[in-house]
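Take a look at the chain below. This report goes through its surface, its loops, a pocket and its charged pairs.

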Amino acid sequence: MKKETINLLIEEAKKARKLAYAPYSKFKVGAALLAKSGKIYTGCNVENASYGATVCAERIAVFKAVSEGERKFEAIAVYVETENLAFPCALCRQVMYEFSPDMKIISANKNRYEVRTLNELF
């Protein structure tokens, strides 16, 4: 994957993070999903007092894409502003695997990023 594409996805995820609704955990996450069509879909985490109703940034991006007809994905960037990188949770991994088991996962913070495949995370 080209560095320019990685940087673009990280920047889009960083912007999406600013929209997160995380009054309980204070852990804001942004995601930017690159569809095989070339279109980018973003998402941010949306918490709820009923924790089970909380939805992660990654799933919001995937659901937005799927609701617009996308079914295949190249990569997703996940951005947090913590010292440690954050990778998609098990629910998000399963949702993404349903559509693109070989997609790239870019985990980023303000200092660095790592690229892995979804298969590696399983």
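## A nonpolar surface patch

In this predicted model, Tyr21, Tyr24 and Val46 make up a nonpolar patch on the surface.

Val46 sits in the loop between β2 (40-44) and α2 (57-67). Val46 has 34% relative accessibility, so it counts as partly exposed.

## Two loop residues

Gly38 lies in the loop between β1 (30-35) and β2. Its relative accessibility is 48%, and therefore Gly38 is classed as partly exposed. Along the chain, Gly38 and Phe73 are 35 residues apart.

Lys26 belongs to another stretch, the loop between α1 (3-17) and β1. Its phi angle is near 65 degrees, a positive value in a residue other than glycine. Is Lys26 buried or exposed? Lys26 counts as exposed, because its relative accessibility is 63%.

## The largest pocket

Rolling a probe the size of a water molecule over the atoms shows where empty space is left. Here, the largest pocket holds about 330 Å³ of space.

Which residues lie nearest the centre of this pocket? They are Phe27, Asn45, Tyr51, Thr54 and Cys56. The whole lining has 18 residues. By type, 11 are nonpolar, 4 are polar and 3 are charged. The element α2 gives the most to the lining, with 3 residues.

## Salt bridges

Side chains of opposite charge can pair when their charged atoms come close. How many salt bridges does the whole structure have? The search finds 5.

One of them joins Lys15 to Glu12, with the closest N and O atoms 3.0 Å apart. Both residues are in helix α1, 3 residues apart, which means that about one helical turn separates them. Glu12 has 22% relative accessibility, so it counts as partly exposed.

## A charged network

Arg112, Glu114 and Arg116 are linked in a network of salt bridges. Glu114 takes part in two of the pairings described here. With Arg112, the closest N and O atoms are 3.1 Å apart. With Arg116, the closest N and O atoms are 2.8 Å apart.

Notes. Residues numbered from 1 in each chain as written. Predicted model: local features only at pLDDT ≥ 70, side-chain atom pairs only at ≥ 80, totals over all residues. Heavy atoms only, no water. Patch = residues over 30% accessible without salt bridge, like charges linked within 9 Å, V, L, I, M, F, W, Y side chains within 5 Å. Areas by Shrake-Rupley, 256 points an atom, 1.4 Å probe, with all protein chains shown as cover. Salt bridge = Lys/Arg side-chain N within 4 Å of Asp/Glu carboxyl O. Helix = DSSP H or I, 4+ residues; strand = E, 2+ residues; numbered from the N terminus. Buried < 20%, exposed > 50% of the residue type's maximum accessible area, 1.4 Å probe, protein only. 1 Å grid on protein atoms, 1.4 Å probe; cavity = no way out; pocket = protein on both sides within 12 Å on 5 of 7 lines; lining within 4 Å. Points joined across faces, edges and corners; volume = space filled by probe spheres on them. Nonpolar A, V, L, I, M, F, W, Y, C, P; charged D, E, K, R; others polar.
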